[in-house]
Amino acid sequence: RSQGIAEDFRLLKELGGWIHDAEGPDDMPGHIRTMLTATSLQVPVIEGRLALGTFLQSQERYAAAESLYRGMLKRHGVQPMATYQLGKTLLLGKTKLDEARRCFERFLRSQPLPERSMQAAAHWRLGMVHDLKGKRAAALVELRKAVGLDPEHKRFRKTLAQVEKKR
């Protein structure tokens, strides 16, 4: 693997005049690898709390995120945001779509009502669940609610337009 990176570096050097002048020639592949690959990991923090579930979702580790949110709900009872995130995880993983639908519906019934942007996001995701299940009419109802709550949101409008085009 190091030889391939070293070869890529030689090509870059020929094309762009790059010069390796730090330490010796034997460590050049390591320096190049460091430049070309991620050298840090960022885990999101929301409202001062570690957002491990969001991180797991971003890494497409849906089973781990699902387990995390189920554990939160089991330990702490009804939590609207954990319910929403469980639904989001199930939707992203395209598994258990009926349960994802129930999560979003439960979230939208929670009291006090979630903030407007989160209501819009829940309707949008609920619309996507219906679309994946082949329920176009139900999808359109939810997507129109999302756009009605947040008409400037490009992804909501784009998803609505895509579902409207389907026959």
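Select Y84, F104 and F107 to begin: ring pairs join these residues into a cluster. Rings of Phe, Tyr and Trp (its six-membered ring) are paired if their centres lie within 6.5 Å, with planes under 30 degrees apart counted as stacked, over 60 as edge-to-face and the rest as tilted. The model is predicted, so local features need pLDDT of at least 70 and side-chain atom pairs count only at pLDDT 80 or more, while totals for chains, interfaces and linings use all residues. Residues are numbered from 1 along each chain as its sequence is written, and side-chain values use heavy atoms, with hydrogens and water left out.

A search of the whole structure finds 3 aromatic pairs. In the pair of Y84 and F107, the ring centres are 5.1 Å apart and the planes lie at 50°, so this pair is tilted. Y84 belongs to helix α5 (residues 80–92) and F107 to helix α6 (residues 97–109), so the pair ties together parts 23 residues apart in sequence. Helices here are DSSP runs (H or I, at least four residues), numbered from the N terminus. Y84 is buried, at a relative accessible area of 3%; buried means under 20% (1.4 Å probe, protein chains only). F107 is likewise buried, at 1%.

Next, select W124 and F156, a tilted aromatic pair with 5.2 Å centre to centre and 40° between the planes. W124 lies in helix α7 (residues 116–132) and F156 in helix α9 (residues 154–165), 32 residues apart. Both W124 and F156 are buried.

Finally, display helix α4 (residues 62–76), where residues including Y69 and L73 meet residues of α5, among them L86 and L90; contact means heavy atoms within 4.5 Å.

Key
Helix = DSSP H or I, 4+ residues; strand = E, 2+ residues; numbered from the N terminus. Buried < 20%, exposed > 50% of the residue type's maximum accessible area, 1.4 Å probe, protein only.
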